[in-house]
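Dear colleague,

I am passing on a structure for you to look over. My notes on what was found in it follow below.

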Amino acid sequence: QIFLILEVMAFFLIAAIFVISANNIQCTDTAEYYVSPNGTPCPENVICHNLSVYIVQKNLYFTNDTVFYFLEGTHVLEQQLLVTGLQNVIFKGIGNTEQGFDETVSQSTVILTCNEGIGGVVFLSCENIDIKGITINNCST
């Protein structure tokens with residue numbers, strides 16, 4: 001009988017550990033895309049295009065819970081990017097920092113620059129938009 005009691009206790013202990021572990025697991029369906037400057041090779045086994053491909057197919061790529069990894073180099077925004085009603089979107093530059101226009105300023109080696117007069121990137125009615133590691137030039141409305 002003692003062995004039966006120990007087996008039952010062990011079963012409940014293992015079940016409790018499983019339940020506690022399962023509650024700590026966070027399941028998210030985050031989409032991850034890599035953005036390559038024109039002519040720059042992409043990493044293998046990832047979805048990777050230049051910025052204009054993502055913009056043209058905006059409804060496919062710009063969804064909730066999405067991370068865009070911008071590879072090092074200059075990304076040219078040739079048309080306005082209007083993003084509406086999304087949440088948890090990240091633009092993350094994968095590059096280094098270097099001295100900027102002044103010795104007291106550093107800037108990323110990942111650069112987003114806009115063609116004149118296009119209006120840049122606009123986020124309307126969005127929540128939790130995070131842009132980091134990207135230098136943005138000439139992108140204003």
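Is the disulfide of Cys-114 and Cys-139 right-handed or left-handed? The torsion about its S-S bond is about 100 degrees, so this disulfide is right-handed. Please bear in mind that this is a predicted model, in which local features need pLDDT of at least 70 and side-chain atom pairs count only at pLDDT 80 or more, while totals for chains, interfaces and linings use all residues. Residues are numbered from 1 along each chain as its sequence is written, and side-chain values use heavy atoms, with hydrogens and water left out.

Taking a disulfide as a pair of cysteine sulfur atoms within 2.5 Å, the count comes to two. In the pair Cys-114 and Cys-139 the sulfur atoms lie 1.8 Å apart. Because Cys-114 belongs to strand 9 and Cys-139 to the segment after strand 12 (135-137), the pair ties together parts 25 residues apart in sequence; strands here are DSSP runs (E, at least two residues), numbered from the N terminus. Cys-114 is buried at 3% relative accessibility, whereas Cys-139 is partly exposed at 23% (buried means under 20% relative accessible area, exposed over 50%, partly exposed in between, with a 1.4 Å probe and protein chains only). The other pair, Cys-42 and Cys-48, has its sulfur atoms 2.1 Å apart and is left-handed, with -70 degrees about the S-S bond.

Best regards

Notes
Helices (H or I, at least four residues) and strands (E, at least two) are DSSP runs, numbered from the N terminus.
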